[in-house]
Amino acid sequence: MTAVTASQNTDLTSHTATARSAVRPRPVARPLLYAALVLCALLTLLPFVWGIGGSLRSLDEIRSDPGALVPHHFTLDNFTRLFRTQGFGRFMVNSIVVAAMVVVGNIVAASAAGYALAKLEFAGRRLAFGAVMAAMMVPFTAVFVPQFVLTVDMGLADTLAGIALPSLAMPMSVFIMRQYASSIPDELLEAARIDGAGEFRIFFRIFLPLAGPAVATITIMSFLNSWNFFIWPLIVAQSTSSYTLPVGLAATSQAAAHVTDYGLMLAGAVVVMLPVLVLFLCLQRYFVQGIAGTGMR
Amino acid sequence: MTTTLTRRAPGTTPRGRPVTAPARARHRSLRRTAVAWLFLAPFLVVFLLYTAIPTVAALGFSLTDLHGADLRHPFAVDFTGLENYLRLFQDQTFLRDILNTAVFVAVGVPLTMGVGFALALALNSGIRRLRGLFRTVFFAPVVTNVVAAALIWQYAFNPSGTVNKVLGAVGFAGPNWLDDQHLAMPVVILLGVWRNFGTAMVLFLAGLQSIPQDVYEAAALDGAGKWRQLRHITLPLLLPTTLMVSVLLTVFYLQVFDEPYLLTNGGPLGSTESVALYTYHQFGVGEFGVSSAASFVTLVLVALVSVVQFRLLRPRA
């Protein structure tokens, strides 16, 4: 609720600032604008502060004063308990294995498909591109029942492969690669064709070495998707041995909620969100490009 | 240029003639078509298996009495026509969940867009210092795992949690947020807004940056104030972005699942159960036919909303 009022404030101040800065910036508006932005930033970060702070508090401290903003004593006890007793090591390995399959699958499938859609003239190209667009639009909730039946029929229920399979060739990745490939001049490929190079040779030797930035974006976006995907692994994974981190965390927290073991839950939350946040801080250009380019996560 | 050759090829090369240039071109374009489809094959296999066939199958399932137990006895399944749909629209739970989903959309979409747009305007107002840092901070929730975020939400909004502690400090007795029929929904929506405003912000920023600066300068020279610039330049030129963001967010809130599932599992008393959660709960009790019918309703709603929004927000020429 507070976030809303705060942003309405920003709204007003920012209009002032936008208009003025277009002509000549007025010094009065600046501090107000910055104050509003800092307030919004603090509100945005509050959940992270709570989460990380809470994960570092001891069980006793949380029980006696659950609402305290800052921990009195820092302890890593919650994290030790998490990995020792709750099987988080296994969940983490599962998440990494699934993410690796998804990333490799997307790089292979999207590079090939995106290149073909952007750079090859062939019968049915519009149809193929239509399939990509359709795949982006069909809501997951509309198809998960048949997807689950299919996964069971293929004998992949409760397996990591069953979790990874639907995400192996995401339309978003194909779209990113197609957009990127369109920006590569045709002359480069045409020259190789005149020299008698075959289509596969052109793809591997000329196109792929140029596609680095798109491959990087696809790697990050598909990793993010796989790491954070919740509902599908929740449906497919039935035993704890095939839980991914989000599913394991949700299950652990449902068990921990009865004993209000918030320390354990928050430690789990930190373990799940930290790798992606660190990756994001290091490589945010690609994250933002990926999301701005496709409007998807 | 190959296409023009291909189109001419059938007419100009009668059968049996020795290989001519057009024939070779046709051969090459056939070969290229084959290669292209080969390149597309990995994507197409996954697309057919997990999007195309399931979409048709969902419609098929929704017309049967398929149950979870039938997966081993496929011949026990009967065609029941529109019975599942009739059942859905007589089910008070489903109707309530449609209403709940409408609230998610009606409150979540404007809030998320408003916050995202305001922050995009602020960051695009010519400030230089700390701009990158602000953008990073506002975007961080987008990449944050929803299960982790929901746990922090539960921790913060529990009866003796931080939110109530802050409220207590200023003299309010904090409620039990997630167990209150009227307060749970705002808390769930707040999580959705927090997770999505960064996406809206980044898209609006990209849109704002594509508006040429000299348009504003010209308007300022003509004496247009800040409000008129916003209303007559920024908003109209930003229409395509606004359209895209609104469709994107509407589609997201129409299928909202993670937030209510994790925070309340639809409770208390179903006050936060969305259509997607209904679909999942029906699936969970083995009612695959009913579940598919509900999911097909979602599909139709998503398609309808996209069409309507494109109509409404299309620039009037």
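Chain A splits into domain 1 (2-82) and domain 2 (87-294), with bounds that come from an automatic or database domain assignment. Keep in mind that this is a predicted model: local features need pLDDT of at least 70, side-chain atom pairs count only at pLDDT 80 or more, and totals for chains, interfaces and linings use all residues. Residues are numbered from 1 along each chain as its sequence is written, while chains are lettered from A and ligands numbered from 1 in the order in which they are written.

**Chain A and its two domains**

- Chain A has 15 helices and zero strands; helices (H or I, at least four residues) and strands (E, at least two) are DSSP runs, numbered from the N terminus.
- Where the two domains of chain A touch, 13 residues come from domain 1 and 11 residues from domain 2; two residues are in contact if their C-beta atoms, placed from the backbone, lie within 7 Å.
- On the domain 1 side of chain A, α2 (29-55), α3 (59-64) and α4 (77-85) each bring at least two residues.
- That side of domain 1 of chain A is made up of six nonpolar, five polar and two charged residues. Here Ala, Val, Leu, Ile, Met, Phe, Trp, Tyr, Cys and Pro count as nonpolar, Asp, Glu, Lys and Arg as charged, and the others, Gly among them, as polar.
- Chain A has 297 residues, and 48% of them count as buried. A residue is buried if 20 or more other C-beta atoms lie within 10 Å of its own, exposed if 12 or fewer, and partly exposed in between, with C-beta atoms placed from the backbone.
- Take the contacts in chain A between residues at least 6 apart in sequence: 75% of them join residues at least 24 apart.

- The average pLDDT of chain A is 82, and 85% of the residues score at least 70; pLDDT is the predictor's confidence in each residue, from 0 to 100.
- Over residues 1-25 of chain A, pLDDT stays under 50, and the model has 61 contacts beyond four places in sequence for this stretch.
- Where pLDDT is low, the predicted coordinates should not be read in detail.

**Where chains A and B meet**

- Between the chains, 85 residues of chain A touch 89 residues of chain B.
- Several helices of chain A give two or more residues to this side, including α2, α5 (88-119) and α15 (262-294).
- Which helix gives the largest share of the chain A side? That's α1(A), with 15 residues.
- By class, the chain A side has 63 nonpolar, 17 polar and five charged residues.
- Axes are lines fitted to C-alpha atoms, for helices over the stretch in contact, and angles run from 0 to 180 degrees between N-to-C directions.
- The α2(A) and α5(B) crossing is left-handed; a crossing is left-handed if the near helix is turned anticlockwise from the far one by less than a right angle, and right-handed if clockwise.

**Inside chain B**

- Chain B has domain 1 (2-62) and domain 2 (93-313), and 42 Å separate their centres, taken over C-alpha atoms.
- Four residues of domain 1 of chain B are in contact with six residues of domain 2 of chain B.
- Helices α4 (residues 92-123) and α11 (residues 239-254) of chain B pack at an angle of about 145°, with their axes 9 Å apart, and the crossing is right-handed.
- D97(B) sits in helix α4 of chain B. Is D97(B) buried or exposed? D97(B) is buried, because 24 other C-beta atoms lie within 10 Å.
- Beyond its neighbours within four places in sequence, D97(B) is in contact with E273(B), S274(B), V275(B) and Y278(B).
- D97(B) and Y278(B) are 181 residues apart along the chain, yet 7.2 Å separates their C-alpha atoms.

- Most residues other than glycine have a negative phi, and most peptide bonds are trans.
- The peptide bond from G267(B) to P268(B) is cis, with omega near -15°.
- L269(B), not a glycine, has a positive phi of about 55°, and L269(B) is exposed, with 11 other C-beta atoms within 10 Å.
- P268(B) and L269(B) are both found in the loop between α12 and α13 of chain B.
- D158(A) isn't a glycine either, but has a positive phi of about 60°; D158(A) counts as partly exposed because it has 16 C-beta neighbours inside 10 Å.
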